[in-house]
Amino acid sequence: TMNNLGNTLLANAGSVNKTLYGSIHNHGHLIIANSTDPSGMYNMHPGPMHWDQTAPRDPAFYRWHKFIDNLFEEHRYTLDPHPVKDLQFPGVELEHLNVKLEPQDYHKKRVDKPLDTKNHFYTYREMKKYKVYNTNNDQEAIKVKNASMDHIPYSFNLKVKNKNRGDVMVCFRVFLVPETDEPLDNWRTMFIELDKFVESFKGGETKEIERSDKNSSVIASRRVRWDDIKEGNAKTSSQNNCGCGWPLNLLIPRGTEQGMRGTIFVLATDWMQDGENPQEHLYGSWSYCGQKGINSKYPDIRPMGFPFDRLIVDKSSKPMKD
């Protein structure tokens with residue numbers, strides 16, 4: 001199963017054979033980090049791959065994780081494809097969808113072209129100033145500059161109608177899809193999950209929904225900073241105390257200066273069937289990290305990345321082209 005594979009790669013308690021497979025993912029990080037001094041002969045510090053917080057600064061990080069991703073992808077090819085009926089929610093109709101930019105004057109100065117605030121994303125790079133502290137002594141903070149990517153804030157605006165007589169709970173799965181003429185199965189691993197959220201509808205109700213990028217189910221909550229601690233403003237979050245999730249400023253991919261065409265794909269599914277506990281309150285980056293609690297199950301019974309986690313076939317069991 002997918003759980004067995006994940007536990008084996010990470011050497012968790014559920015590994016199928018920890019003695020044989022060891023800790024493939026973690027040891028890969030350590031081997032790369034210590035490649036310049038593998039035996040410790042020269043007392044060299046390990047490279048950035050040694051720590052979770054700095055690993056993405058090493059270009060090898062992305063090559064290594066592509067290797068890990070490919071192991072999962074090989075396993076997915078052995079699983080049954082998703083039938084089209086899994087992508088359908090009879091009686092629920094998405095009548096309208098727009099992406100609305102919410103730029104401030106600050107953002108307008110960062111983009112050197114006129115802004116189209118409807119159905120466009122804009123990314124930019126800027127130099128940001130940070131304070132770095134050495135927590136082993138009482139030295140003053142060191143101020144550093146670093147190039148950082150970000151995007152102009154946006155929100156999704158949806159108009160959804162429930163044509164069913166009864167009440168429903170709808171899970172909206174939102175993906176950013178690159179535009180291509182190639183078959184769906186060649187590109188589905190490139191699709192980016194931007195958000196996943198649940199809304200309740202009364203029978204016959206039509207609802208307009210506005211969903212901000214800041215509420216995305218994949219982004220991490222703001223982490224406590226050293227200044228917060230010094231000033232006595234540190235508050236331990238009861239919802240997300242591990243920093244798990246994707247950075248908000250990296251939610252939209254960089255693209256190109258000329259622009260890249262893409263599509264927002266929204267799939268509506270029945271949360272009463274898909275939710276592990278449909279009435280459970282969902283918070284934080286639950287799409288990536290689940291819910292807090294050692295005994296908590298992942299809230300969505302569908303696999304991560306559904307429906308693009310594997311092949312999708314039509315009624316005649318042939319791969320879907322569009």
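These questions and answers go through a predicted model of one protein chain. Local features need pLDDT of at least 70, side-chain atom pairs count only at pLDDT 80 or more, and totals for chains, interfaces and linings use all residues. Residues are numbered from 1 along each chain as its sequence is written, and side-chain values use heavy atoms, with hydrogens and water left out.

Trainee: How many helices and strands does the protein chain have?
Mentor: Both are DSSP runs, numbered from the N terminus: helices are H or I with at least four residues, strands are E with at least two. By that count the protein chain has 9 helices and 10 strands.

Trainee: What share of the 322 residues counts as buried?
Mentor: Buried means under 20% relative accessible area, exposed over 50%, and partly exposed in between, with a 1.4 Å probe and protein chains only. The C-alpha trace spans about 70 × 55 × 40 Å along its principal axes. Of the 322 residues, the buried share is 33%.

Trainee: Of the contacts with a separation of 6 or more, what percentage joins residues 24 or more positions apart?
Mentor: Contact means heavy atoms within 4.5 Å. For residues 24 or more positions apart, the share of those contacts is 66%.

Trainee: Which elements give two or more residues to the lining of the second largest pocket?
Mentor: On a 1 Å grid over the protein atoms alone, a pocket is an open set of points where a 1.4 Å probe fits, with protein on both sides within 12 Å along at least five of seven lines; lining residues have an atom within 4 Å of a point. The volume here is about 1,200 Å³. Of the 34 lining residues, Phe121, Arg254, Gly255, Gly259 and Met260 are the closest to the centre. The elements are strand S2 (92-101), strand S3 (123-132), strand S6 (168-178) and strand S9 (262-270).

Trainee: Which cysteine has the closest sulfur to that of cysteine 171?
Mentor: Cysteine 171 is buried, with a relative accessible area of 0%. The closest cysteine sulfur is 16 Å away, too far for a bond, and belongs to cysteine 289.

Trainee: Is serine 148 buried or exposed?
Mentor: Serine 148 is found in strand S4 (residues 142-151). Beyond four places in sequence, serine 148 touches Tyr124, Arg125, Glu126, Lys128, Tyr130 and Asn249. Its relative accessibility is 9%, so serine 148 counts as buried.

Trainee: What separates the C-alpha atoms of proline 153 and glycine 166?
Mentor: Proline 153 is in the loop between S4 and S5 and is buried at 11% relative accessible area. The two residues are 13 residues apart along the chain. Their C-alpha atoms are separated by 36 Å.

Trainee: Which peptide bond is cis, with omega near 10°?
Mentor: Most peptide bonds are trans. Proline 307 lies in the loop between H9 and strand S10 (312-313). The cis bond runs from phenylalanine 306 to proline 307.

Trainee: What is phi of asparagine 43?
Mentor: Asparagine 43 is found in the loop between helix H3 (24-33) and helix H4 (60-76), and is exposed at 69% relative accessible area. Phi is positive in this residue other than glycine, near 55°.

Notes:
Points joined across faces, edges and corners; volume = space filled by probe spheres on them. Disulfide = S-S within 2.5 Å.
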